[in-house]
Amino acid sequence: MDIRDGFIGTIGHTPLVRLEAASKATGCDILAKAEFLNPGGSVKDRAALAIIQDAIKRGTLKPGGTIVEGTAGNTGIGLALVGNAWGFKTVIVMPETQSQEKKDMLRLIGADLRLVPAVPYKDPGNYVHVSRRIAEELAATEPNGAIWANQFDNLANREGHRATTGVEIWEQTGGKVDAFTCAVGTGGTLAGVALALKDRNPNVRIVMADPLGSVLYSWKKTGELASSGTSITEGIGQGRVTANLLDAPIDDAVQIPDEEALPIIFDLVKTQGLVVGGSSGINVAAAIRVARDLGPGHTVVTVLCDFGTRYQSKLFNPEFLRERNLPVPGWL
Ligand code: PMP
């Protein structure tokens, strides 16, 4: 018998997939953790589950309580689904610039969705601060209380990845992993996997993949929080160093423009049947660069973060791409 318990039981234990074209082009094994196959469609199901489990354990989240979070969407979807399965309500605050598909999904699963203008973190109207204030209000007024998930600075996020994603990668490769590369939203995936792999082999090279518009590439290279350019990718690209990221064992960073990531995403769809979102393209582009640096014969692992259908109106919309002078898939 092989039966998983409900939605929760289907989170994690995702396949590790060999990316054939990238492996062939580099002479390395380029392997991708297929996180888009989580039941909520993204890597963030893991963080959502870990944060909720931790809050239950600490006694802050009570039966029938409310979970409030600011999110680019995927964490909200994970929290709302775990919440539905375990009887918690969810209030999700999201910048209005995020894809329509993620908003539709959040409404479909019954989250109380609040859209706010996309403003920088230093502005009190930023989605993260709005979500914290709503959580404080609801904690005082809701009969069963409320918690703020605080995925960016709540270390339960990276600990979840350390205990699951990182361990799975180690076991699935039989410990044959030379490098891991991953982009950062909260930093939970990168830091958690980095900690798990370095615990087992300190020589595994950890490389942060950063899109344009994020300050983290410059932070890693020079110590300064500076950014330039923009990216259409969602869920990644940071303006600050989160608690999940701060002391993570990261060896290096690469900066990947959308012009480099998009053709890789389109190629994954058309030649390998893998339909993934923008951050996955940044990750695979970084894995290819790291593999070229290391030379043939190495194993480089990265992450396919979420399902591409979540971005049909942007990443796979020829008009949207043409308006921004970005590459367009040949078949659209
Ligand atoms: N890709 C996508 C599509 C995401 O939604 C997120 C999470 N915001 C990430 C990557 C980054 O993951 P993490 O928060 O663990 O850094």
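How many helices and how many strands does the chain have? The chain has 14 helices and ten strands, where helices (H or I, at least four residues) and strands (E, at least two) are DSSP runs numbered from the N terminus. The radius of gyration, taken over C-alpha atoms, is 19 Å, close to the 20 Å of the globule rule for 332 residues, so the chain is as compact as a globular protein of that length. That rule is 2.2 Å times the number of residues to the power 0.38.

The model is predicted: local features need pLDDT of at least 70 and side-chain atom pairs count only at pLDDT 80 or more, while totals for chains, interfaces and linings use all residues. Residues are numbered from 1 along each chain as its sequence is written.

Of the 332 residues, 53% count as buried, that is, with 20 or more other C-beta atoms within 10 Å of their own, C-beta atoms being placed from the backbone. Among contacts (C-beta atoms within 7 Å) between residues at least 6 apart in sequence, 70% join residues at least 24 apart.

Two packed helices are described by the angle between their axes and the distance between the axes. The axes of H3 (residues 44-58) and H4 (residues 74-86) come within 8 Å and cross at roughly 55°; these axes are lines fitted to C-alpha atoms over the stretch in contact, with angles running from 0 to 180 degrees between N-to-C directions. H3 is therefore oblique to H4, the class left once angles under 35, over 145 and from 65 to 115 degrees are set aside. Residues making the contact include Leu49 and Ile52 of H3 and Leu79 and Val82 of H4.

Methods: A residue is buried if 20 or more other C-beta atoms lie within 10 Å of its own, exposed if 12 or fewer, and partly exposed in between; C-beta atoms are placed from the backbone. Two residues are in contact if their C-beta atoms, placed from the backbone, lie within 7 Å.
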